[in-house]
Amino acid sequence: ILSNDDIILKFLRCRKFNIERAFNTITNWIDFHINNSKWFEYESYEDFRLFEQGYNVLPNPDSLGRIIVIFNVKTIIDVLKKDDLFVRKPHLFTMSQIWVFERIQLDYNAQVHGVIVIVS
C-alpha cells in the first residue's frame, strides 16, 4: 500500500517534476477512479490474476530505461473464452489492464522512463 507521499512522488516522477502536469495527471487518475468506481467493486484479486499469463514484463529495460511489456493477445482471448468470462464480467478485461499497468507504474524505471508495450 502506498502512502500519500509515494503516490505524489510517482506522479511527479512520471511528469519530470513539472508540478502542474503532475497535478493534472493525478487529478485525472482520481477522476477516473471516482467515475468508474463500479469497476472496482466486484472484482477480486483472483479474477485479475487470470490475466497475468497474458502479460510478460521483460527482466531488463530497453536502452532508454523503459520497462518492456509483452501483451499476448491469444492468451488473453483464451482467458476471456474460459467459462464465458467476458459475458459474465464484461469489464474484467479492461480492469485487468488497469490493474497490471498500475502495478507496473510502481517501478521507478516506469515512472521516470516510461513503458513500452509490444502486442503479439
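Author: Of the 120 residues in the protein, 34% are buried. Buried means under 20% relative accessible area, exposed means over 50%, and partly exposed is in between, with a 1.4 Å probe and protein chains only. This is a predicted model: local features need pLDDT of at least 70, side-chain atom pairs count only at pLDDT 80 or more, and totals for chains, interfaces and linings use all residues. Residues are numbered from 1 along each chain as its sequence is written, and side-chain values use heavy atoms, leaving out hydrogens and water.

Reader: What elements does the protein have?

Author: Eight helices and three strands. Both are DSSP runs, numbered from the N terminus: helices are H or I with at least four residues, strands are E with at least two. From the N terminus on, the order is α-α-α-α-β-β-α-α-α-α-β.

Reader: What makes S2 and S3 a pair?

Author: Two strands pair if DSSP finds at least two bridges between them. Five bridges join strand S2 (residues 67-71) to S3, so the two strands pair. They run parallel.

Reader: Why are S1 and S3 called edge strands?

Author: The open sheet has the order S1-S2-S3, with mixed pairing. Strand S1 (55-57) and strand S3 (115-119) each pair on one side only. The twist averages 20° from one strand to the next. Helix H7 (residues 92-104) packs on the sheet and touches S1, S2 and S3. Its direction makes about 10° with that of S1. For such angles, axes are lines fitted to C-alpha atoms, for helices over the stretch in contact, and angles run from 0 to 180 degrees between N-to-C directions.

Reader: Which residues does Ile116 touch?

Author: Asp62, Arg66, Ile67, Ile68 and Val69, not counting residues up to four places away in sequence. Contact means heavy atoms within 4.5 Å. Ile116 has 25% relative accessibility, so it counts as partly exposed.

Reader: How do you know that Arg66 and Asp62 meet in a salt bridge?

Author: A salt bridge is a side-chain nitrogen of Lys or Arg within 4 Å of a carboxyl oxygen of Asp or Glu. Arg66 and Asp62 come to 2.7 Å, N to O. That is within the limit, so the name applies. Side chains of opposite charge can pair when their charged atoms come close.

Reader: Is Asp62 buried or exposed?

Author: Buried, because its relative accessibility is 17%.

Reader: What makes up the nonpolar patch on the surface?

Author: Val73, Ile77, Val117 and Val119, with about 300 Å² of accessible area together. Such areas come from the Shrake-Rupley method with a 1.4 Å probe; for residues, only the protein chains shown count as cover. Patch residues have over 30% relative accessible area and no salt bridge; like charges are joined within 9 Å, nonpolar side chains (Val, Leu, Ile, Met, Phe, Trp, Tyr) within 5 Å. Ile77 is at 38%, so it passes the 30% limit. Helix H5 (73-81) and S3 each supply at least two residues of the patch.
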